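Biologist: I would like to learn how to read a protein model. Could you walk me through this one?

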Amino acid sequence: MSARVAVEVEDLTRHYGSFVAVDGISFDIAEGETFALLGPNGAGKSTTIEILEGYRDRTSGRVAVLGVDPEHGHLDWKARLGIVLQSSGESGLVTVREQLSHFAGYYPNPRDVDEVIAAIGLQGREKVQIRRLSGGQRRRVDVGLGIIGNPALLFLDEPTTGFDPEARRQFWELIRSLKAEGTSILLTTHYLDEAAQLADRAGVIAGGRIVALGGIDEIGGAAARVPIVRWKDAAGTVHEERTDAPGVRVAALIAEYGELDALEVVRPSLEDVYLDLIAEHEREESTAELRA
Ligand SMILES: Nc1ncnc2c1ncn2[C@@H]1O[C@H](COP(=O)(O)OP(=O)(O)O)[C@@H](O)[C@H]1O
Ligand SMILES: [Mg+2]
């Protein structure tokens with residue numbers, strides 16, 4: 001296996017009894033890459049991540065995380081991972097600083113505790129007991145615990161749920177700086193703008209299967225990304241046209257009608273593309289059910 005690959009997943013499945021939660025997925029994450037796993041609730045994201053973290057067994061398939069099969073990962077392997085689970089069970093009688101210092105002690109090469117407190121935006125709150133923090137602040141402690149060990153690979157399962165917009169921007173800055181240091185990152189999020197901001201590549205998962213995989217600007221294919229020219233005519237009717245040459249179309253419209261109301265060129269966002277992919281998946285599922 002190439003040393004330049006942080007995560008390799010090949011034909012991974014996970015059954016819970018007769019239910020197939022992960023149904024033969026494959027993807028790679030290159031070293032230093034940020035990869036977003038996107039999909040609706042129940043798609044299989046957390047199951048996949050927890051298999052990679054060594055927290056869950058798989059049913060079949062091949063997995064390598066930093067070159068190691070997570071089912072056989074030892075402490076030195078675990079020390080190279082940073083983990084932010086979807087939900088943390090910390091009740092939090094200790095303070096922010098105590099908790100971070102305590103966890104720093106588990107790692108051979110931890111980050112400076114004050115640096116981490118600053119990075120997660122909790123300066124001034126470090127002496128507060130975790131149970132007294134707001135939900136969003138507690139989540140930032142989770143993120144702090146995920147990075148305290150200076151991980152080569154960071155798993156973030158819905159890290160910013162409950163963040164206010166400012167906290168989310170701060171978090172993005174933190175992730176960008178980790179990325180600049182060469183950290184490989186696997187992220188799940190329901191905020192598609194967050195994925196678009198942070199990820200190099202994404203996989204869209206639905207019903208345990210990957211329905212799209214690719215660069216963040218390419219996923220869904222070129223046809224899904226054709227710009228839309230939108231305007232309102234004199235009667236107030238809204239018009240929309242999809243065209244690869246929006247500038248030409250706008251120029252022609254203005255030449256014909258002069259200045260137009262509410263004229264805009266809209267490029268489909270990752271969220272638009274994602275919603276189309278999920279809708280298409282759901283249509284296929286219901287057709288398959290009708291046939292069965
Ligand atoms: N321990 C479990 N036992 C039975 N079913 C489970 C278990 N954990 C997850 N599932 C089911 O597997 C599917 C995928 O769950 P999960 O990986 O948590 O999805 P996601 O993180 O994408 O929301 C869901 O239908 C969920 O109910
Ligand atoms: Mg989940």
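This is a predicted model: local features need pLDDT of at least 70, side-chain atom pairs count only at pLDDT 80 or more; totals for chains, interfaces and linings use all residues.

Biologist: In what order do the three strands of the open sheet lie?

Modeller: Read across the sheet, the order is β2-β1-β4, with antiparallel pairing. The edges are β2 (19-30) and β4 (60-65), each of which pairs on one side only. On average, neighbouring strands here are turned by 15 degrees against each other, ignoring direction.

Biologist: Which strands does helix α1 touch?

Modeller: Helix α1, made of residues 45-53, packs on the sheet and touches β1, β2 and β4. Its direction makes about 120 degrees with that of β1.

Biologist: Now let me step back. Into which domains is the protein divided?

Modeller: Domain 1 covers 5-215 and domain 2 covers 222-291. Their C-alpha centres lie 34 Å apart.

Biologist: How many residues of each domain are in contact with the other?

Modeller: On the domain 1 side there are 11, and they meet eight residues of domain 2. At least two residues of that domain 1 side come from each of α7 (192-198), β8 (201-206) and β9 (209-215). The most come from α7, which gives four residues.

Biologist: And what classes of residue does the side of domain 1 that touches domain 2 have?

Modeller: Sorted by class, that side has nine nonpolar residues, one polar and one charged.

Key
Residues are numbered from 1 along each chain as its sequence is written. Chains are lettered from A and ligands numbered from 1 in the order in which they are written. Two strands pair if DSSP finds at least two bridges between them. Axes are lines fitted to C-alpha atoms, for helices over the stretch in contact, and angles run from 0 to 180 degrees between N-to-C directions. Two residues are in contact if their C-beta atoms, placed from the backbone, lie within 7 Å. Domain bounds come from an automatic or database domain assignment. Ala, Val, Leu, Ile, Met, Phe, Trp, Tyr, Cys and Pro count as nonpolar, Asp, Glu, Lys and Arg as charged, and the others, Gly among them, as polar.
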